[in-house]
Amino acid sequence: MTTTQNRAAGPTDAGLRRGVMSGPELAAQAIANIAPSAVIAFTAMSIFVGAGNGTIYSFILATIVILCVGYCVVVFARKHASAGSLYTYVAKGLGPTGAYLAGVTLIIGCWGIAAGSLGGSVAYFNQFLALLGVPAGGAGWYIGLAIVLGGLATLFTIRGIRLSARVSLVLELVSVTIITILLVAALIWAGPAAWDPAQVFAQGAPFQGVAAGMVLGILGFVGFSSADALGREAKNPYTAIPRAIMWSAVVVGVLYVFAAYTQIAVLHDDLATSASPLEDIAALIGMPAWFGPVLTFGVGASFFAVVVAPLNVVGRVIYVMGKEGVVPERFGRTHERHLTPHRVLLVAGPAAIVLDVILLAIGSDPMDITVWVDTYGTYGYMVAYALVAIACIVYTRRAGIPNKLVWVCAVVAVAAMAYVFFANVWPVPAFPLNVIPYLFLLTLVAAVAWFAYLRKRRPEVIQNIGNTETDALEGVG
């Protein structure tokens with residue numbers, strides 16, 4: 001059944017809630033998807049091993065690359081408000097095939113990051129309970145936490161976009177505040193030694209190490225553009241969404257640079273061998289005993305926020321696909337009272353829980369799950385970001401929009417995404433990271449096979465791909 005026929009048949013869908021998300025709530029969605037606190041806890045340490053005193057420049061380069069991707073997204077967001085996110089945007093430049101690939105890879109990215117971050121949330125909340133004296137530990141506790149935390153994340157996304165955004169906002173504010181207090185206290189403790197010219201001038205930093213560190217820095221931003229899936233639900237979406245995307249990248253980039261600088265200035269070479277830099281800093285500067293559980297709770301809260309935020313995007317992209325017939329039509333419906341794509345979320349959320357439970361049941365460490373599944377999701381984001389950059393060039397050229405800056409940003413974005421992908425597959429990593437690229441490619445092959453089926457059996461669906469804008473969603477079945 002075509003979209004036109006559905007309109008004629010009358011409203012069959014409650015639709016998404018219109019114009020309820022404020023600017024700060026949009027920024028919360030974007031920042032929660034990034035999970036800066038979780039990144040701060042580990043990424044600077046990993047980059048420092050190769051980049052040394054150039055670590056902050058790895059983060060600066062990563063921020064520049066992400067701003068280039070963001071600019072390409074913003075070009076579309078200023079003129080098109082959609083729940084389809086990059087899926088809809090890429091259609092404007094690369095047509096149905098490009099849009100479909102962007103949609104599939106974006107779903108892989110969002111769902112992978114949500115499922116992987118559930119493992120991180122389990123690890124830190126389990127540690128938090130242990131610090132409080134609860135005898136938490138073992139596979140049974142891990143599995144129970146995965147079910148509870150994953151269930152709560154799914155519930156928040158179904159109950160409403162404002163609720164889930166506010167939960168994410170509060171958790172990230174708490175987490176970032178805790179970490180910022182620790183870092184500022186560390187600089188005060190260091191006194192004059194807090195000034196570290198070796199970092200400022202990147203003394204002895206190998207260029208290759210800085211470039212490799214940029215890869216990890218970029219991975220720390222994935223999901224930053226997630227506010228673009230809230231085109232219908234945002235107030236004044238044509239200005240609020242672009243601002244949320246660009247400012248969230250800038251703010252998080254500054255936070256990363258500050259956190260990396262402080263960790264190196266305080267721990268020096270010990271950072272390279274630290275299992276938990278933030279905890280080591282807290283112990284070194286003599287933070288009170290109660291600060292340990294608070295810090296652990298903060299990082300766990302950040303991981304939980306990044307379970308919630310990507311599920312919102314998955315729900316809305318598949319919702320639009322359901323409208324267009326790309327996936328079963330039943331997914332193109334929202335809850336009559338909550339006005340959220342509950343049918344999608346009741347599949348995506350439990351699927352993330354099931355994956356984590358299976359991996360935990362066979363003895364996997366929760367943080368290993370985070371690394372493995374987040375890596376799978378990151379491949380999806382890289383492809384989606386490259387596609388939107390290429391689509392932006394084609395779109396602006398066709399529309400007669402001045403695009404010199406678009407060209408610059410798109411070239412930087414595509415080259416960086418290609419480099420990130422290459423750096424994650426060569427040199428070949430240890431098992432199981434070495435098989436994850438093939439799992440990603442296998443997923444794409446299955447998705448392409450479904451697209452080929454649609455093209456052959458339902459060509460009218462192909463014509464609809466990526467054409468559903470915000471205003472067309474209400475009452476369209």
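In which helix does Gln 263 lie? In this predicted model, Gln 263 belongs to helix H10, which covers residues 237-267. With a relative accessible area of 1%, Gln 263 falls under the 20% limit and is therefore buried. Its side chain reaches the backbone oxygen of Ile 40, at 3.3 Å. When neighbours within four places in sequence are set aside, the residues in contact with Gln 263 are Ile 40, Ala 44, His 268, Leu 271, Pro 277 and Ile 281. One of these, Pro 277, turns up again in the lining of a cavity.

A search of the whole structure gives 3 cavities of 30 Å³ or more, and the largest cavity has a volume of about 60 Å³. What lines the largest cavity? The residues are Ala 41, Tyr 124, Ser 276, Pro 277, Leu 278, Glu 279, Leu 295, Thr 296 and Val 299. Two elements give two or more residues each to this lining, namely helix H11 (277-284) and helix H12 (291-324). Sorted by class, the lining has 6 nonpolar, 2 polar and 1 charged residues.

A pair of aromatic rings is described by the distance of the centres and the angle of the planes. The model holds 17 aromatic pairs. Among them, Phe 42 and Tyr 124 are arranged edge-to-face, with 6.1 Å from centre to centre and 65° between the planes. This pair links distant parts of the chain, since Phe 42 sits in helix H3 (residues 36-51) and Tyr 124 in helix H5 (residues 86-131), 82 residues apart. Are the two partners buried or exposed, or partly exposed? Phe 42 has a relative accessible area of 21% and is partly exposed, whereas Tyr 124, with a value of 8%, is buried.

Another edge-to-face pair is formed by Tyr 376 and Phe 440, whose rings are 6.5 Å apart centre to centre, with 80° between the planes. Because Tyr 376 lies in helix H14 (residues 366-399) and Phe 440 in helix H16 (residues 436-457), the pair ties together parts that are 64 residues apart in sequence. Both Tyr 376 and Phe 440 are buried. Which residues form one aromatic cluster with Tyr 376 and Phe 440? Tyr 379 and Phe 421 complete that cluster.

Note on methods
Residues are numbered from 1 along each chain as its sequence is written. This is a predicted model: local features need pLDDT of at least 70, side-chain atom pairs count only at pLDDT 80 or more; totals for chains, interfaces and linings use all residues. Side-chain values use heavy atoms; hydrogens and water are left out. Rings of Phe, Tyr and Trp (its six-membered ring) pair if their centres lie within 6.5 Å; planes under 30 degrees apart count as stacked, over 60 as edge-to-face and the rest as tilted. Helices (H or I, at least four residues) and strands (E, at least two) are DSSP runs, numbered from the N terminus. Buried means under 20% relative accessible area, exposed over 50%, partly exposed in between (1.4 Å probe, protein chains only). On a 1 Å grid over the protein atoms alone, a cavity is a set of points where a 1.4 Å probe fits but cannot get out, and a pocket is an open set with protein on both sides within 12 Å along at least five of seven lines; lining residues have an atom within 4 Å of a point. Grid points are joined across faces, edges and corners, and a volume is the space filled by probe spheres set on the points. Ala, Val, Leu, Ile, Met, Phe, Trp, Tyr, Cys and Pro count as nonpolar, Asp, Glu, Lys and Arg as charged, and the others, Gly among them, as polar. A polar contact is a pair of N or O atoms within 3.5 Å; within protein, one must be able to donate a hydrogen and the other to accept it, and residues adjacent in sequence count only if both atoms are side-chain atoms. Contact means heavy atoms within 4.5 Å.
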